[in-house]
Each structure stands twice: as C-alpha cells, then as structure tokens.
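Visitor: Could you walk me through this one? I have the viewer open and a few things to ask.

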2 protein chains.
Amino acid sequence: MPAKRRDQREQEVATSERLLDTAERLFAEFGFDGVGMRALADEAGVNLGATTYHYGSKEKLYVETFMRRFRPTNAARLEMLQRAEKLAEGRPLAVETIVECMLRPPFMTVLKYPNFPGLLARNLFMPPAFLRAELEKEQGMALQIFAVALAKALPQLDPQILQLRLIFGGGSLLMVAGQMTRLGLRESPTHCEATLGALIQFISAGLRAESPTIPGLELPKFTAPRSRRH
Amino acid sequence: MPAKRRDQREQEVATSERLLDTAERLFAEFGFDGVGMRALADEAGVNLGATTYHYGSKEKLYVETFMRRFRPTNAARLEMLQRAEKLAEGRPLAVETIVECMLRPPFMTVLKYPNFPGLLARNLFMPPAFLRAELEKEQGMALQIFAVALAKALPQLDPQILQLRLIFGGGSLLMVAGQMTRLGLRESPTHCEATLGALIQFISAGLRAESPTIPGLELPKFTAPRSRRH
DNA sequence: CTCAATTTCATACGAACGTATGAATTGAGG
DNA sequence: CCTCAATTCATACGTTCGTATGAAATTGAG
C-alpha cells in the first residue's frame, strides 16, 4: 500500500495541504456554512473531487482544519506549564506565570497563522455541533489542569469562582484573538508582545480579585452539549 | 393608506413578530448562513412569501432581528450611566459602578430573551459584513462614552491600555453570554445575579491593575472593516 | 516496460438556496 | 354590497449546494 507519491519537483505543496490552508483562510472568515466546496477548491487550485477524496466530507475537512492548529497549541500550553513547574522545583507558581502558560502558545499560533484567530473565535464561542465532541476532549483536560494549578496559586479562592473567572479570561483571549488583525497586531511582534503582556496583567488581576463569597452561586458541570440540525 | 388590519382575535401575535422571534432563535443557534428561509418560515408558521413581504431580504431580516434587542440594550447602558452620574452629583464614580452600567443591561436582556446571547456572541465577535456598518454606528459611541467615564475613574491609566482592557472585558461578557445556557444560568435569577457580580469584580480588578508602562504599544483606531463575499 | 495503486478530473445528481411573481384572501371604509 | 389596499399563499425561476461516479492521468515498484 503506497502512500504519498507525488514528488516535490513540480508541486510546491501537496494538494491536501493546499486544501487545508485554503480552508483555514475561508472558514476563518466566513464560517462553515459560509464557504462552498467549489469556492474552496477553486481558491486552492485543486479539483472539486479532490476535497472528498482527501477528506471525505466538508465536516471532516472543517474539523481537521481546526484541529491541525488547535491540537499542538493546546499541547504547547501543557508543556509550558510543566516546564514552569519543573523550573520552580516545588515552589508555588505565580499567577502571572500560569496565565502566561495559558496565553502565550495560542498567541504564538495566532501570530504564525493569521487565519487561526477566526477559527478559534468561531469554534470556541459557538462551535458547530459536529465539532463539540472532539473539542471537549481536547480542551477539557487542559482546562482542568490549569484550574488545578491556579487553585494551588490562589488557595483562598473558591473553586467555583475560579472556574467562572477562567471562562471570563478565556473570553478575553478569544476577543483579542478574533480582533487581532483589526487591531493591527499582526504587523509588529512588539505590539503583539505588548498586548499579550497587557492581557496577562488583566486576567491575573481579575483572578486575584478578592471574592466576597457570592451567595447562591452553584455552577454546573460545564458539559451538556445541545444540538439540532446537522 | 391603511396599516395593520388583521385584528388580534384569532392571531396571537402578528406575522412579522412571529418571524422575528423565530429568526432570533434560529439565527442565534445556527448563524446567518446556517438558516434557510424555508425552515424559518415553517418554524414560524408563516408562508415563505411573508418573509420577503415583511422584511425584503434575508439580510434585512437578520439585521432587524439583532437590532431589535441590541438597540434598547445599548440605550439602557447609557441611561444607567447617566443616572449613576446624576446620582453621584459630581463625585467620581467607582469603577465597579461604571462596569455595572456596562454589564447589567445586556445581562438583563439575556435573561429575558434566551436566544439573544447567541446573536450577541456571533455579531460582536465575527459580524457578517452587511451588519458591520450599523453595528459600528450603534456601539461605537457607547464604547467611547464608557471609555471616557472610566478614564475619569482611573486617571492614572494609559488610555491605550484602557481601550485594550475594555476589549478584554467585552470578551469576558460575550463569553459568559454565549455560554449562559450551557452554564445553567437561565434557570435561576440568583445564579445570574451572582455571575454578574463575579464578572463585575473580575473586570473591575482587571481594569484597576497597575500597568508598568508597556513600551511600544500603539493601538490603531479600531475601525477598518474588511469584507469579501456577500 | 508493465502493472497496480494513487491521485486527478469532468460530469452529474437531487436537494436546498434566496427571491420574484401574480393570483387568492382578508377586512375596514364608502 | 362594493372597493381597494394590505396581506397571505402557491408556485416557479435560476443558482448553488455537498457528494457520488467512473474514466483519465500519474506514479513508484518490480
């Protein structure tokens, strides 16, 4: 069973990669339902049939388009946290350090792949039904790990409040990611770094805010997908 | 020129309203491109032609669906701020007060109309091209006014940083709005109020964070729409 | 050179899309 | 009762949708 045949002499990048790159750009801008397979194939310069041949269906292509960036980014966050913890040798990590571990990898991904922010915002805010499962699997554990690390850094903070504040912070990250191009953060790495720093400051301060035991707050499990259509 | 004829004896709500309500639900869940006019008309129990008759086009219906909620919500924010300022009689407002004026009206709208969060998240994060103009017009001024009020409450804060942090806070609001149903905040006003309180705390603390003069940060005007397709 | 697997390509299918059209239906005013 | 504007409704238009099909072309191994 032969695998990849086409050599690299005439073709700069393989068809499947070209499809993924184009899908990243178009899906990020117009969303799943806003992009047709024909437009996608045309922009990628490949035949329409190549889409089903390489990815089976539009939904699978969409999932793979997102996961190709999301998976390594998420892995990098965990690695960065582990490295920080190893470096600390038992001493508790600063909140800023943990937050930076959460934010820097996505920021770097966003800086490297200009169309990723759109995907990120779309899929984390209002994920299509067919993406929910794989998404939950990938990010659920990471979120849990960071919640534990932060709980260690903020022992006096109610875990429920912490979970809520993590959601708040995630919203901030998504917002700035989604508007990155609009903010002109792509032209200069300096701006980007400065913005990342400001975001770390903002979220860390929010996490540290003293919480006067809000009564009656009782958060559910944060699972429970819903879906209709598709 | 007669206007509304059909009396209210047999029809609970008018056709145009039924269309808006259904549009709110479906657009919130599936987005503009994810909803067909036929499905919309069917779920609303009206004829397909009624959609073009009452709203002219799908885009106009979409804009009106969103603006019907967004306009009064935004107005309420400004009114609440004005009331607070009048009540303060010249004394500077607390950051928490200003932030509450920004957050409470949307929260109330979200509590009253369960499908509004979806619209809000979709349209503020990744607004369709045809909505950008009307959106900018509606929220641009409000954001400016709140930025001024906050600058007065935080005189030592760099305005650039403030603007950035406002974006962060907006992300937090959108995130929690978009996940409101998922978080189970709809069943109990107590949870909702508690979450609102936690969000006010979080954002206020983030706004207050001391900013060690991040060098090289230079934010652009925050305008510049892009668009292709449609 | 041959062969078989891999990849490309043109084409076609039925369904759904947004919108336009004009005929029925409705109901208050003359 | 008749009129007429407002509204509803059935139907049809051209287009685009996602996917399937099978023949052509390409490729590396033997």
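Visitor: What pLDDT does chain A average?
Guide: Recall that pLDDT is the predictor's confidence in each residue, from 0 to 100. In chain A, 87% of the residues score at least 70, and the average is 87.

Visitor: How many contacts does the model have beyond near neighbours in sequence for residues 1-10 of chain A?
Guide: Contact here means heavy atoms within 4.5 Å. Over residues 1-10 of chain A the pLDDT is below 50. Where pLDDT is low, the predicted coordinates should not be read in detail. For that stretch, the number of contacts is 1.

Visitor: And how many contacts beyond four places in sequence does the model have for residues 219-230 of chain A?
Guide: pLDDT stays under 50 over residues 219-230 of chain A too. The model still has contacts there beyond four places in sequence, and their number is 34.

Visitor: How many helices does chain A have?
Guide: Helices (H or I, at least four residues) and strands (E, at least two) are DSSP runs, numbered from the N terminus. Chain A has 0 strands, and its elements run α-α-α-α-α-α-α-α-α from the N terminus on. The helix count is 9.

Visitor: Where does H4(A) bend?
Guide: H4(A) has 31 residues and spans 45 Å from first C-alpha to last, close to the 45 Å expected at 1.5 Å a residue; the expected span is 1.5 Å times one less than the number of residues. A bend is the angle between axes fitted to the seven residues ending at a residue and the seven starting there. In H4(A) the bend is about 35°, and it sits at A:Met67.

Visitor: Is A:Thr73 buried or exposed?
Guide: A:Thr73 lies in helix H4 (residues 58-88) of chain A. Leaving aside neighbours within four places in sequence, A:Thr73 is in contact with A:Pro105, A:Pro106, A:Thr109 and A:Phe116. Buried means under 20% relative accessible area, exposed over 50%, and partly exposed in between (1.4 Å probe, protein chains only). At a relative accessible area of 7%, A:Thr73 is buried.

Visitor: Which residue follows H4(A), with a positive phi?
Guide: Look in the loop between H4 and helix H5 (95-112) of chain A, where A:Glu89 is placed. A:Glu89 is not a glycine, yet its phi is about 50°, and at 64% relative accessibility it counts as exposed. So the residue after H4(A) is A:Glu89.

Visitor: What is the phi of B:Glu89?
Guide: B:Glu89 is in the loop between H4 and helix H5 (95-112) of chain B. At 65% relative accessibility, B:Glu89 counts as exposed. This is a residue other than glycine, and its phi is positive, near 55°.

Visitor: How many residues does the largest nonpolar core have?
Guide: A nonpolar core is a set of buried Ala, Val, Leu, Ile, Met, Phe, Trp, Tyr and Cys residues joined through side-chain atoms within 4.5 Å. Those with the most contacts inside the largest core include A:Phe66 and B:Phe66. Leaving aside neighbours within four places in sequence, B:Phe66 is in contact with residues including B:Phe116, B:Leu120 and B:Leu135. The core's residue count is 150.

Visitor: How many disulfides does a search of the whole structure find?
Guide: A disulfide is a pair of cysteine sulfur atoms within 2.5 Å. A:Cys192 is buried at a relative accessible area of 2%, and B:Cys101 counts as buried at 2% relative accessibility. Over all chains, the number of disulfides is 0.

Visitor: Which residues of chain B does A:Met126 touch?
Guide: A:Met126 is found in the loop between helix H6 (116-125) and helix H7 (129-153) of chain A. A:Met126 is buried, with a relative accessible area of 18%. Not counting residues up to four places away in sequence, A:Met126 touches A:Ala121 and, in chain B, B:Ala28, B:Gly118, B:Ala121, B:Arg122 and B:Gly178.

Terms used
Residues are numbered from 1 along each chain as its sequence is written. Chains are lettered from A and ligands numbered from 1 in the order in which they are written. This is a predicted model: local features need pLDDT of at least 70, side-chain atom pairs count only at pLDDT 80 or more; totals for chains, interfaces and linings use all residues. Side-chain values use heavy atoms; hydrogens and water are left out.
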